[in-house]
Amino acid sequence: MSIGLGVFLMAVGLVLALGVRDRLSDFDLSVIGWVLTGVGALAIVLSMAVASMRGRRGPARTTEYVERRDDVDPL
């Protein structure tokens, strides 16, 4: 999940929750909008928590270089 996905879900959710005053046959669009808004907020919080944890541990990968020399004196 990324912050962009969370913002998108929140935007769609708020449009459905606050901007649409309609019901489908079995679905209340305002409830679906509030659920999407909550999921979007959770996605943003989780993305920031994961980014914070990565920052504390340092880089995700380290590269180790090994220099090998074949300096053998012939007899």
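Where does Ser-30 lie? I found Ser-30 in helix 2. Helices here are DSSP runs of H or I with at least four residues, strands are runs of E with at least two, and both are numbered from the N terminus.

Before going on, I noted that this is a predicted model, where local features need pLDDT of at least 70, side-chain atom pairs count only at pLDDT 80 or more, and totals for chains, interfaces and linings use all residues. Residues are numbered from 1 along each chain as its sequence is written, and side-chain values use heavy atoms, with hydrogens and water left out.

Overall fold: I counted two helices and zero strands. Of the 75 residues, 17% are buried (under 20% relative accessible area; exposed is over 50%, partly exposed in between; 1.4 Å probe, protein chains only).

Back to Ser-30: it counts as buried because its relative accessibility is 19%. Beyond neighbours within four places in sequence, Ser-30 touches Leu-16 and Ala-17 (contact means heavy atoms within 4.5 Å).

Next I checked Ser-2, which sits in the segment before helix 1 (3–19). Ser-2 has 38% relative accessibility, so it counts as partly exposed. I got 6.8 Å between the C-alpha atoms of Ser-2 and Ile-44, which are 42 residues apart along the chain.

Last, the surface: the protein exposes about 6600 Å², and carbon and sulfur atoms supply 62% of that (Shrake-Rupley method, 1.4 Å probe; for residues, only the protein chains shown count as cover).
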